[in-house]
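Morning, everyone. Please take a look at the model on the screen, and then I'll walk you through it.

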Amino acid sequence: MMQTVLALETSCDETAAAVVQFKAGKFQILANCIASQAAEHAQWGGVVPEIASRRHLESMPFLVDKALRNSDIGFKQINAIAATVTPGLTGALLVGSITARTLAKLHEIPFLGINHLEGHLSSSFLSENPPIPPYLALLVSGGHTELIHVERNLIYRRVGQSHDDAAGEAFDKVARLLGLSYPGGPSIERIGINGDPKRFPFPKGRVSRPEGGFYPYDFSFSGLKTAVLRKIQKLELLKDKLPLADLAASFEQVVAEVLVERSLKYALDNGIKSLVMVGGVAANNRLRKMMSEEASKKSVAVHIAPKAFCTDNAAMIGTAALLRLNSGTSPSSIELGVSARFQLDHSDLLYQVDAPF
Ligand code: KG4
Ligand code: ZN
């Protein structure tokens with residue numbers, strides 16, 4: 001059976017529209033259009049919600065038009081219109097949601113509200129060897145750092161998380177400390193490429209258990225950020241030029257080590273043979289290489305989303321919508337709104353007659 005969806009993504013600072021098709025057991029991206037606002041937000045050192053909403057509004061009509069033209073698909077051929085409805089900036093989410101619901105109503109096509117995190121997780125199906133459950137997913141983005149045990153498609157159990165900053169947030173904050181531009185991940189990667197990752201042994205943040213010991217699969221990145229700050233302050237006292245490349249590489253190294261070690265520990269402790277890595281931070285080359293090498297030593301298969309589908313895009317939202325359609329999920333209520341937060345493991349509620357928000 002062939003299914004085609006138009007998908008919209010506006011949860012943060014990328015306006016995106018895509019047309020994705022499921023045909024002969026494969027996901028095919030017919031169009032994947034993105035208008036990034038990152039350069040504009042960079043002037044302010046981070047995402048300004050009001051600017052994000054306004055830019056989404058301005059770009060959306062052009063992106064929908066472009067996605068349909070690039071894919072040569074008309075509304076008659078579309079089985080569902082999907083949009084990210086949670087989590088994210090509410091004003092930003094509303095733009096994609098209202099656009100999708102209006103088009104759905106106008107053309108009498110089912111509407112599917114998608115959880116952004118389910119979108120990220122679905123991006124692994126766009127890799128060359130899609131994962132087959134059960135698998136462990138490491139979701140590392142600007143807002144989330146989570147280990148998710150996926151026993152069956154679309155059934156999620158969170159087994160690890162960051163207790164403070166998300167990994168991407170740590171990249172963004174440390175980039176700012178180093179005087180590098182937003183978004184921090186690509187800036188740190190660019191400058192750290194020739195750096196010495198062993199020069200500064202930054203600490204691997206751990207989360208203590210009240211009863212003693214540590215949570216083995218959880219993360220903490222705020223202490224690391226402080227350690228980088230202290231190191232910068234010490235180096236500045238010496239009045240030398242900051243060794244930016246070594247600082248960036250050493251920071252990247254410890255983040256990658258922590259993510260790889262704890263993910264593999266969970267996989268090995270629980271007999272999981274397959275590991276998925278998705279989200280903006282999964283675009284990081286040092287992390288991709290380390291994860292592939294270490295997992296292969298432990299005979300764990302790794303499925304990493306292609307780089308273009310790690311950072312926010314609508315193709316992953318379309319893929320999630322197709323997985324939902326294939327699983328027989330009912331469409332969302334046209335009255336489903338948006339929410340800044342919503343638990344991933346409650347995503348089934350997005351397809352109930354009584355919308356949860
Ligand atoms: O998934 P994403 O585009 O948006 C969220 O859902 O948050 O992730 C954005 C985050 C930002 O914090 C950004 O600095 C980080 O992903 N990021 C990277 C890289 N590219 C983006 N971090 C490390 N290395 C990269 N190459
Ligand atoms: Zn994202």
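Ground rules first. This is a predicted model, where local features need pLDDT of at least 70, side-chain atom pairs count only at pLDDT 80 or more, and totals for chains, interfaces and linings use all residues. Residues are numbered from 1 along each chain as its sequence is written, chains are lettered from A and ligands numbered from 1 in the order in which they are written, and side-chain values use heavy atoms, with hydrogens and water left out.

Helices (H or I, at least four residues) and strands (E, at least two) are DSSP runs, numbered from the N terminus. Two strands pair if DSSP finds at least two bridges between them. Axes are lines fitted to C-alpha atoms, for helices over the stretch in contact, and angles run from 0 to 180 degrees between N-to-C directions.

Start with the sheet that holds β1. It is open, has five strands, and reads β3-β2-β1-β4-β5 with mixed pairing. Its edges are β3 (26-36) and β5 (111-115), each pairing on one side only. On average, neighbouring strands are turned by 20° against each other, direction ignored. Helix α3 (residues 90-107) packs on this sheet and touches β1 (3-9), β4 and β5. The direction of α3 makes about 155° with that of β4. Contact, throughout, means heavy atoms within 4.5 Å.

Now the β4 and β5 pair. Strand β4 (residues 80-86) runs parallel to β5, and five bridges join them. Ile81 has Phe111 as its bridge partner in β5. Helix α10 (residues 315-326) lies across β1, β2 (14-23), β3, β4 and β5. Against β1, α10 runs at about 135°.

Next sheet. Again open, again mixed: five strands in the order β8-β7-β6-β9-β10. β8 (155-161) and β10 (301-304) are the edge strands, each pairing on one side only. Here neighbouring strands are turned by 25° against each other on average, direction ignored.

Look at β6. How many of the six residues of β6 are buried? Six of the six, so β6 is largely enclosed by the rest of the structure. Buried means under 20% relative accessible area, exposed over 50%, and partly exposed in between, with a 1.4 Å probe and protein chains only. Tyr135, Ala137 and Leu139 point one way from β6. Leu136, Leu138 and Val140 point the other way. In a regular strand, side chains alternate between the two faces of the sheet.

What does β6 pair with? Strand β6 (residues 135-140) meets strand β7 (residues 145-152) in the antiparallel sense, over six bridges. The two form a hairpin with four residues between them. Leu138 stands opposite Leu147 in β7, and Val140 opposite Thr145. With β9, β6 pairs in the parallel sense over four bridges. There, Leu139 has Val278 as its bridge partner. Helix α9 (residues 285-297) lies across β6, β9 (274-278) and β10, at about 160° to β10.

Helix α5 (residues 167-177) and helix α7 (residues 222-237) pack at about 10°, axes 10 Å apart. That makes α5 roughly parallel to α7. The cut-offs: under 35 degrees is roughly parallel, over 145 roughly antiparallel, 65 to 115 roughly perpendicular, and the rest oblique. Lys173, Val174 and Leu177 of α5 meet Lys225, Val228, Leu229 and Ile232 of α7.

With helix α8 (residues 244-269), α5 packs at about 170°, axes 11 Å apart. These two are therefore roughly antiparallel. On the α5 side the contact is Ala167, Ala170, Phe171 and Val174. On the α8 side: Phe251, Glu252, Val255 and Leu259.

Back to α7 briefly. Leu237 is found in this helix and counts as exposed, at 71% relative accessibility.

Finally, the metal. What coordinates the zinc ion (ligand 2)? His116 (NE2), His120 (NE2) and Asp312 (OD), at 2.0 to 2.1 Å. Donors are N, O and S atoms within 2.8 Å of the metal (3.2 Å for Na, K and Ca); water is not among the atoms, so sites may look incomplete. The four donor atoms subtend angles of 95 to 127°, which makes the arrangement tetrahedral. For four donors, that term needs all angles between 85 and 135 degrees. Along the chain, the spacing is H-x3-H-x191-D.

Why are His116 and His120 separated by about one helical turn? Because they sit four residues apart in helix α4 (residues 116-122). His116 counts as buried at 7% relative accessibility, and His120 at 1%.

That's the tour. Thanks.

Conventions. Four donors count as tetrahedral if all angles lie between 85 and 135 degrees; four count as square planar and six as octahedral if opposite donors are over 155 degrees apart and all others between 65 and 115; anything else is irregular.
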